Amino acid sequence: MTSGRPRVAEGRRAGPLIVTEDVELLDDLLRLCAAAGVEPEVHHSVPERKGSWEDAPMVLVGDDAAARCRGATRRRDVMLVGRDQDDPIVWRRAVEIGADCVLRLPDAESWLVDRIADAAEGVGRQALTVGVIGGRGGAGASTLACALAVTAARAGRRTMLVDGDPLGGGLDVLLGGEQAEGRRWPDFAASKGRVAGGALEESLPRLHGLRVLSWDRGDSVVVRPEAMRSVLAAARRRGGVVVVDLPRRVDEAVAEALAQLDLGLLVVPAELRAVAAAGRVASMVGMVLQDLRAVVRGPYAAGLDEQWIADALRLPLVGELPLEPGLPEAQDGGSPPGSRARGPLAAFCAEFWERALAGDGSVAS
């Protein structure tokens, strides 16, 4: 068995330091590292090379090697790993090497894969994740979702736009990038388990400074709830902001998306039938998402204003979505919603992000 840091394969990130002489245990740990998309550094004892122990994203010590790791520099993210469920002195060994926890395989395999990937990715603050939903068909939810994403990216924020509506025509079209190279939802629709955040981001089309996960022009595919959960979790781990354009119907995949939102925006045209339809959407969405807020779009029917509509829906009011002259023509010319930095739509979105990212979550007017 060789030791040291293998050459990191293309697409793989540097992984944990593994300390063990147990060949079977090492095989298991190498398999889990491969599942997490990382390449580990392997040693029989605490490595002599300065920094290997201290700087590794995490350390996995086989219970056969615990005695050889006594006296190593104390640090976080050290885990003692083995198979013997009945070893009475395992916790004493863990204390001696400063381990955070004791793991027993195969029971802890799924949990450990996630921890390995998190440590290698350097997970920090998760992305602020905002969902946009139309109160009725044609409400303008996709327009607002695109404008929010374009505005966030223009401000220098890491931004991902996720198209959660397979029947919506594709947000890449709205962004003028239907021919752009990159992966689409059919490539992820059957995903199970963890999706690496960095690999997801790098695989998607880059349009107007943001990454977009949309649909291709082929036959409709069904996104499994597990795939929606894995993809959005990966997107959120990258930080910045994630904007999700969602359909009005709530199936299992949409429910998974709603469960990962920090807040939702319900776009409501200012007329009575739209308010009635939006009430039904709000009722369904509210069963999963606690923080749903209203964005009202004019022109207004007689006797209505934005606050009356928000009160009727029993939702906090974010504000009035402004009309932007020339928007359809601009989109036909390849300019997406929100691309006019001094336009009213971009101004609305910039104010929204300023308040939403202020730290107190106060975005309602």
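Cys69 is buried, with a relative accessible area of 1%. The model is a predicted one. Cys69 takes part in no disulfide. Its nearest cysteine sulfur belongs to Cys101, 15 Å away. A disulfide is a covalent bond between the sulfur atoms of two cysteines. Here the cut-off is a sulfur pair within 2.5 Å.

Cys33 is buried too, at 0% relative accessibility. Cys33 is likewise in no disulfide. For Cys33, the nearest cysteine sulfur is again that of Cys101, at 15 Å.

Now turn to helix H11, which spans residues 306–313. Which of its residues are buried? They are Ile309, Ala310 and Leu313. Viewed down the axis of H11, these buried residues fall within an arc of 95°, so they line one face of the helix. An α-helix has 3.6 residues a turn, so residues three or four places apart point the same way.

What covers that buried set? The cover includes both strands and a helix. Among the strands are S11 (263–269), S12 (292–297) and S13 (317–321). The helix is H10 (272–285).

Asp305 caps the N-terminal end. One of its side-chain oxygens lies 3.2 Å from the backbone nitrogen of Gln307. Past the other end, just after H11, comes Arg314. Arg314 takes a positive phi of about 60°.

Technical notes. Residues numbered from 1 in each chain as written. Predicted model: local features only at pLDDT ≥ 70, side-chain atom pairs only at ≥ 80, totals over all residues. Heavy atoms only, no water. Buried < 20%, exposed > 50% of the residue type's maximum accessible area, 1.4 Å probe, protein only. Helix = DSSP H or I, 4+ residues; strand = E, 2+ residues; numbered from the N terminus. Arc of directions from axis to C-beta. Contact = heavy atoms within 4.5 Å. Polar contact = N/O pair within 3.5 Å; in protein donor to acceptor, adjacent residues only side chain to side chain.
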